[in-house]
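My notes follow the model as shown here.

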Amino acid sequence: MSAIRILRGEYRGKTVKNQSFALVSGFQTGAKGGYVTVQNNGTFPNCPATIRIRVDAISDYEMVNGDTVEMNTPAVKASAFTVETEEQAMTRIRERFEILTEMSKACIGGDIRAMIVSGPPGVGKSFGVEQEIEKATLFDKIAGKRLRAEVVKGSATPIGLYQTLYKYSDPNCVLVFDDCDSILLDDVALNLLKGALDSGKKRKISWLSESSTLRREGIPDSFDFKGSVIFITNMKFDKMKSQKLRDHLDALQSRCHYLDLTLDTMRDKILRIKQIAKDGVLFADYDFEPETQDSIFEFMETNQARLREMSLRMALKIADLRKLSPDNWRRLAETTCMKAAD
Ligand SMILES: Nc1ncnc2c1ncn2[C@@H]1O[C@H](COP(=O)(O)OP(=O)(O)OP(=O)(O)O)[C@@H](O)[C@H]1O
Ligand SMILES: [Mg+2]
């Protein structure tokens, strides 16, 4: 059974902070907000064996490694100070991506109205979300229902955003803003999003100035938004330096579930690449022998400090070069994938 540590939460009016529990089922939202279901294990005397701890977002708890069921024991507390093994790190990373899948599903299904996914470039954020959308679309096709999804990439003007929100305002719609940081940094656009994602029952958005574009397209100057939204970004909302920007983004973050994939160290990124390759999917199109695959990892690990980026995307670039030139790929990679030596 997996275990979680609640960083900030509440149970029957009592604060739950940095306490570990055996997980029964992951983050869900109910009438009173978000919660996770865990085993009580005697932490709260005279309470049921299975309890729901209220948390605001999935960032309020984290997975704990190991198969420990008896939580809150001195042994578990001590384990917080031990060094994470490679296998444990792999499990942690895999779990983060499982949460990405779980949350994407919830957004697509309309159980969650918005989420923000944050993480470094090229680790599989877009891939994870798009895969779930594809699955849901396929399933809907079979079931004869209709999911309407749109992935918006790059920049959009505020009026363009207003039009897109209108087009996908029905409850069966999901909008993905992938690397659209300009929207998040624009006052007008952000205010539209705040309206679209407000936690009230009605989420009314208005376009306040006269617009011939909207008139021509038959778009009203206000409407209710009932769809779901997923933001994918490299920005770390809570680490933004500018206070003004942080206040701005806080307003959005408070309306969304926030998932930081936390692949911040070089080791985590390398492990993620190995993990996807081990699953047999990363290099599936290349027909590499296991030794060839290993030689790519070895090259990446040896040159980690000089590679322009440590990511799945970089692994695929190097795989391309290996395929192109089995004898000279290292030289090609040095020239095209690495920063110049000082
Ligand atoms: N689980 C996976 N299995 C196979 N390939 C994957 C997987 N996840 C990601 N990839 C591949 O890795 C590459 C990078 O993934 P993706 O584009 O999702 O990264 P990203 O985190 O969205 O990066 P960015 O922030 O730069 O947009 C893509 O070519 C993608 O196909
Ligand atoms: Mg992406």
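Where does ligand 1 sit? I found ligand 1 in the largest pocket. On a 1 Å grid over the protein atoms alone, a cavity is a set of points where a 1.4 Å probe fits but cannot get out, and a pocket is an open set with protein on both sides within 12 Å along at least five of seven lines; lining residues have an atom within 4 Å of a point.

Ground rules: this is a predicted model, where local features need pLDDT of at least 70, side-chain atom pairs count only at pLDDT 80 or more, and totals for chains, interfaces and linings use all residues. Residues are numbered from 1 along each chain as its sequence is written, chains are lettered from A and ligands numbered from 1 in written order, and side-chain values use heavy atoms, without hydrogens or water.

**Ligand 1**

I looked up the shell first. It holds 15 residues, with Gly122, Lys125, Ser126, Phe127 and Arg313 the closest; a shell residue has a heavy atom within 4 Å. By class, eight are nonpolar, four polar and three charged. Ala, Val, Leu, Ile, Met, Phe, Trp, Tyr, Cys and Pro count as nonpolar, Asp, Glu, Lys and Arg as charged, and the others, Gly among them, as polar.

Next, polar contacts, meaning pairs of N or O atoms within 3.5 Å. The side chain of Ser126 places an N or O atom 2.7 Å from a ligand 1 oxygen. Phe127 uses a backbone N or O atom, 2.7 Å from an oxygen of ligand 1. For the Arg313 side chain I noted 2.9 Å from an N or O atom to a ligand oxygen. Alone, ligand 1 exposes 630 Å², and the protein buries 81% of that (Shrake-Rupley method, 1.4 Å probe). Helix 3 (125-143) and helix 11 (312-324) each give two or more residues to the shell; helices are DSSP runs of H or I, at least four residues.

**Largest pocket**

I read a volume of about 860 Å³, the space filled by probe spheres set on the points. Among the 32 lining residues, Gly124, Phe127, Gly128, Arg272 and Leu312 are closest to the centre. Helix 3 contributes most to this lining, seven residues. The lining divides into twelve nonpolar, eight polar and twelve charged residues.

**Cavity**

How many cavities of 30 Å³ or more are there? My search of the whole structure gave one. The largest cavity has about 40 Å³. Its lining is Ile270, Ile273, Lys274, Phe297, Met300 and Met310. Helix 9 gives the most, three residues.

Terms used. A polar contact is a pair of N or O atoms within 3.5 Å; within protein, one must be able to donate a hydrogen and the other to accept it, and residues adjacent in sequence count only if both atoms are side-chain atoms. A molecule sits in a cavity or pocket if more than half of its atoms lie within 2 Å of its grid points.
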